[in-house]
Amino acid sequence: MNNLLWLIPVLPLLGFLILSLAGKSLSKTSIALIGVGSVSLSALITILIGLNFLNDPPAAGFISQTLYTWIEIGNFKPEITFLLDPLSLVFVFVITFIGALIHVYSAGFMKGDKDYSRFFASMNLFVFSMLVLVLADNLLLLYLGWEGVGLCSYLLIGFWYENPQNGYAARKAFIMTRIGDTAMAIALFMIFSWFASLQISDILLKAPQLFQQGDTTITIIALLLLAGGIGKSAQLPLQNWLPDAMAGPSPVSALIHAATMVTAGVYLIARMNVIFELAPIAQMTVAIIGAATLLIAGFSACTQYDIKRVLAYSTISQIGYMFLALGLGAWTAAIFHFMIHAFFKALLFLAAGAIIETLHHEHNMFKMGGLKNKMPVIFWTFLIGSASLAALPLISAGFYSKDPILWYAWSAEKGNMIFWAIALLGAFITAAYTCRMVIVTFWGSSKTEIGHMPGSLMTTPLLVLAFFSVVAGFIELPHNFGHFTLFSDFLHPVLPEVTMGNETWPEWIFQLMASLATFGGIYISYQLYSKNPALILRLKQSSLATALYQFWFLGWGFDRLYDILFVKPLTYLSNINKNDIVDQIYSGISFISIKLYRLLSYTQSGSLRWYAMGLLLGAIIILTIQIVT
Amino acid sequence: MILVWLIGILMGGGIAALLLGQGNRGLPRWISLFTVLAGFLAVIYIWIDQYPITQFPHKWLIQYRSDWIPNFGITFHLAIDGLSLLLLVLTFFIGLLAVVCSWTEVKEREGFYYFNLLWILAGICGVFMALDLFLFYFFWEVMLIPMYFLIGIWGSENRVYAAYKFFIFTQASGLLMLLSILGLYFIHANNTGIYTFNYLDLLGTSIPENIQYWLMLGFLIAFVVKLPIVPFHSWLPDAHAEAPTAGSLILAGLLLKTGAYGILRFVLPLFPSASEQFAPIAMLLGVVGIIYGAILAFSQTDLKRLVAYTSVSHMGFVMLGIFALNELALQGVVMQLLTHGISTGALFIMAGMLKERLHTRDIDQMGGLWKHMPQMGAMGMIFAMASLGLPGLGNFIAEFLILLGAFEANPWLTICAALGLIFSAIYSLRILQKVFLGSYQKDTPVQDLVWRETTILASLIISILWLGVFPQPVINTVKPTVIFIEKIFHDQGIAQAYLDRNIIKPQVISKQKKGTYVRK
């Protein structure tokens with residue numbers, strides 16, 4: 001069974017190859033069968049291998065399979081090796097399982113699109129790349145997956161290529177993540193020059209022997225890796241590509257820009273946990289970035305009216321929570337939140353996609369309204385997803401994954417009160433914008449006529465995801481709720497336990513406050529958007545509130561800042577030098593030569609007088625020199 | 001003898017095309033096709049045949065040596081090692097594509113056109129094989145003059161200017177090399193009393209430090225003009241833009257590589273201490289080239305000029321890698337020579353195909369072509385991705401190895417060079433957006449690829465994928481050469497490196513002052 005591991009990534013690759021080479025001559029049904037089938041088979045194999053892994057854990061703690069040696073130059077010898085350990089198993093499960101559901105959904109969603117095969121080919125390639133990323137046993141192979149998902153993200157954001165706006169969003173995403181990728185490449189160079197290897201297990205083993213805690217080198221390596229993670233995971237200061245990435249089809253947003261690719265940074269940092277533990281400054285940076293991002297993105301989410309942009313900002317904010325957890329050393333809590341988030345955020349995006357499709361591509365929530373009774377399946381599943389996002393206490397999975405992060409934010413050794421306060425405020429904001437989104441979309445009066453209702457291909461995945469958005473939380477319960485820790489026990493062989501430090505209040509007070517924050521957020525939104533809309537009008541009259549609203553709405557002005565700082569100067573520089581200043585030097589040389597030649601050609605005038613004159617002058621000069629010297 | 005045949009068949013084919021082309025206009029292209037195909041099959045055969053033994057310490061795989069002008073110590077000496085062999089494979093591969101992509105483009109004076117094309121290839125083959133400096137210089141000129149005609153006769157509007165510029169740049173720098181060759185010749189004669197132009201005899205000549213530096217510069221300038229390195233690059237955009245498609249293809253795919261080959265084969269081994277002294281400046285020049293080329297590429301609107309500037313940027317990586325002087329970087333350099341030839345060559349071929357259809361090279365007048373030519377769009381996507389160094393394609397292996405190796409030699413410059421990765425993404429995606437994406441403006445649909453064009457591009461895609469996924473055969477082939485070069489600068493110093501090769505007789509070694517080149 002275990003030697004089928006290589007099939008997990010290779011099947012989607014095969015799907016990609018078939019679809020891209022023969023896609024034009026295939027019928028839509030067979031395209032869907034290949035596209036969906038390849039990922040579903042991968043999911044099936046994953047589940048089989050996963051069950052095997054749980055029942056009969058391998059002695060080494062991981063399964064690995066080498067296909068061949070990629071490059072061999074001296075001691076630089078990266079192999080094409082897939083390695084499955086508990087951490088990668090969680091990721092592979094999420095990627096293939098949610099990936100398969102989203103593929104099923106897409107088969108219905110993209111039915112009318114003329115580029116059906118291009119869509120499935122790109123999606124399959126994405127799943128392949130993402131699987132390579134999490135299964136790679138060395139950083140070079142990981143980098144291959146890392147760049148591969150970037151490419152697929154580019155292809156799919158710009159899927160509807162005829163609109164230049166989409167092309168712009170796609171390029172923005174690619175280039176901004178490439179900035180992070182380049183930092184990561186430099187990290188790879190540094191790692192190789194110190195460790196003489198890019199094999200992850202080697203690095204993790206050697207790091208504590210080579211470096212003291214807090215050494216400059218290891219701190220720089222960790223910071224560079226972090227920069228890579230920030231780019232892919234859309235964290236401060238490279239976060240502003242993600243809202244624009246919503247230009248892609250909704251299934252793409254669900255799979256790539258919510259559930260999987262954007263969490264690659266979380267995976268990378270968790271995978272290199274030893275390095276971050278050795279570099280406290282870098283790890284603290286991770287926590288600070290996470291905390292700052294979750295707050296900033298949360299405020300922006302409150303101001304958006306495009307339902308997908310609300311979800312995009314919410315994704316940035318939730319990944320901020322994961323980064324915070326990573327920074328606190330609460331490794332398993334981060335991964336748990338990743339998994340739960342993947343379920344409910346994929347669900348929310350798919351449901352939002354269904355709504356948008358039904359309302360004739362209407363993205364504006366304020367033009368929706370009153371969908372509660374018209375689209376009951378969508379409503380209930382969306383509600384469940386929202387409950388999880390808002391971390392509704394006890395009954396939603398989101399509560400069980402977010403609550404530990406809030407608790408560790410203060411009580412862990414690396415935590416403090418500020419982190420906790422930010423996380424709590426974040427929870428409040430999350431509940432507020434989630435509730436706003438639900439109220440505006442589903443309650444009130446209907447503003448847009450609904451079209452064709454989504455079919456069962458689209459609703460079934462929603463139901464499955466809704467089921468997991470509730471149930472998945474119960475595999476990891478807080479300490480005072482029976483202390484049931486199936487998930488973190490499974491991960492602890494690869495991820496260290498969180499070190500507790502600060503003496504604080506008992507855990508139930510934290511839970512109570514988190515619950516209060518959630519309900520507070522819900523209450524505020526209820527007041528503003530349902531009960532008492534006049535309050536909003538009053539707010540709109542205050543100039544401070546509108547200015548703040550605008551500022552948040554535009555994502556805290558990051559786009560404009562980067563435009564002024566980088567884009568404008570670079571284009572300016574490039575444009576003024578379009579004709580290449582260096583070339584002007586050579587043109588100058590040829591210009592001077594031509595002038596000189598013209599000048600000398602005057603002496604060849606053909607006139608005897610001038611020649612005689614020249615002879616005389618020359619003779620005089622020579623004689624003078626003779627006499628003088 | 002097979003080496004002589006490789007050149008001979010090309011030259012003979014060229015003459016045949018010229019003569020027979022007078023009567024039958026369709027004949028020259030067939031002659032050329034078969035000539036180059038025969039050569040291609042021959043070098044592939046040599047590669048497969050020699051592959052098992054390429055992995056042992058450096059030696060010449062095949063040699064041919066006879067006297068040419070014995071009075072002056074000039075020999076007709078051809079030899080190949082792994083490096084030459086790979087570049088020969090590339091030469092015939094690109095040559096083949098050059099013939100095929102000229103198939104319908106050239107409509108006048110076909111005979112003379114194919115004569116020039118084949119003679120350029122012959123010159124390039126000679127450059128990659130010659131082990132006698134005089135002979136090397138001879139071939140260096142052989143590839144120059146037909147190229148001058150190719151640009152000057154079959155180019156586009158501004159062709160005469162471009163051809164002159166190309167000729168003057170290359171010729172002027174070539175003369176510096178000739179001076180250096182003569183200097184080396186006389187110094188060697190002074191030391192040993194033997195007048196010879198033979199590379200193997202000249203290796204290890206002891207040259208006073210300051211003179212060595214100047215001689216090295218003479219060679220180096222000739223090579224970096226070809227490469228090209230900023231600030232000697234300005235002939236390239238003009239030549240590329242004006243040349244016919246096959247001309248651009250050969251320029252980018254092959255001619256630039258002769259510069260890199262020259263540095264690897266001649267500059268480093270002949271002048272090791274001067275090279276080492278110059279290395280930091282050379283690496284800096286490489287980095288400047290990477291960034292300067294990329295920024296200029298971003299602002300260009302002429303597709304061919306744009307691609308030409310990306311070449312400048314990519315060749316900066318070559319310069320950086322060569323003067324990092326270690327195994328990883330040098331392996332990366334060789335890989336870069338091959339992958340750049342393929343990916344940039346492909347972009348030029350596409351520019352040619354677009355020009356045949358749209359009669360313009362201005363990317364502002366393109367856009368939305370994916371709608372009518374999805375096949376070409378997808379292929380363009382792959383080559384743009386290759387150009388920005390996407391893993392899985394050969395260019396990534398090359399750039400990653402170069403940077404990895406260069407990081408050992410000079411971390412700060414390497415970090416600056418890594419910025420090139422971001423810039424390359426910016427300009428590559430701009431090409432895609434401007435040409436294929438967006439909405440299609442015109443009313444008339446354009447024809448997607450025909451099977452001849454599909455074949456050309458598909459063969460290039462397969463090659464670039466192969467190099468990205470299974471690069472090891474190339475790495476193994478060139479390994480002895482690379483290790484030989486690395487050994488000059490590390491471990492034992494030059495004397496030992498030569499002994500290891502079993503090429504130079506021991507007494508030659510004993511003649512030089514001991515320890516002259518041993519690394520301090």
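Visitor: Why is the crossing of α4(B) and α5(B) called left-handed?
Guide: The crossing of α4(B) with α5(B) is of the left-handed kind. This is a predicted model, in which local features need pLDDT of at least 70 and side-chain atom pairs count only at pLDDT 80 or more, while totals for chains, interfaces and linings use all residues. Residues are numbered from 1 along each chain as its sequence is written, and chains are lettered from A and ligands numbered from 1 in the order in which they are written.

Visitor: What makes α4(B) roughly antiparallel to α5(B)?
Guide: Helix α4 (residues 110–129) and helix α5 (residues 133–154) of chain B pack at an angle of about 150°, and their axes are 8 Å apart. Axes are lines fitted to C-alpha atoms, for helices over the stretch in contact, and angles run from 0 to 180 degrees between N-to-C directions. Angles over 145 degrees count as roughly antiparallel (under 35 roughly parallel, 65 to 115 roughly perpendicular, the rest oblique); α4(B) is therefore roughly antiparallel to α5(B).

Visitor: Which classes of residue make up the contact of α4(B) with α5(B)?
Guide: Two residues are in contact if their C-beta atoms, placed from the backbone, lie within 7 Å. Among the residues that meet this are W119(B) and I120(B) of α4(B), and W140(B) and M143(B) of α5(B). Ala, Val, Leu, Ile, Met, Phe, Trp, Tyr, Cys and Pro count as nonpolar, Asp, Glu, Lys and Arg as charged, and the others, Gly among them, as polar. By that scheme the contact has 17 nonpolar, three polar and no charged residues.

Visitor: How do you know that α6(A) is roughly antiparallel to α16(B)?
Guide: Helix α6 (residues 164–195) of chain A packs against helix α16 (residues 411–435) of chain B at about 160°, with axes 10 Å apart, and that angle makes the pair roughly antiparallel. Their crossing is right-handed. The contacting residues include R171(A) and F174(A) of α6(A) and L421(B) and I422(B) of α16(B); by class, 13 are nonpolar, four polar and two charged.

Visitor: How many residues does each chain give to the contact between chains A and B?
Guide: Chain B gives 37 residues and chain A gives 36. On the chain B side, α16(B) supplies the largest share, nine residues. That side divides into 24 nonpolar, 11 polar and two charged residues.

Visitor: Why does K304(B) count as buried?
Guide: A residue is buried if 20 or more other C-beta atoms, placed from the backbone, lie within 10 Å of its own, exposed if 12 or fewer, and partly exposed in between. K304(B) has 25 such neighbours, so it is buried. K304(B) sits in helix α12 (residues 303–322) of chain B, and, leaving aside residues up to four places away in sequence, it touches H240(B), A241(B), S248(B), F348(B), A351(B) and R361(B).

Visitor: Why is α25(A) said to lie largely in the open?
Guide: The number of buried residues among its 21 is zero, so α25(A) lies largely in the open. For chain A as a whole, 54% of the 629 residues count as buried.

Visitor: What secondary structure does chain A have?
Guide: Chain A has 26 helices and two strands. Helices (H or I, at least four residues) and strands (E, at least two) are DSSP runs, numbered from the N terminus.

Technical notes. A crossing is left-handed if the near helix is turned anticlockwise from the far one by less than a right angle, and right-handed if clockwise.
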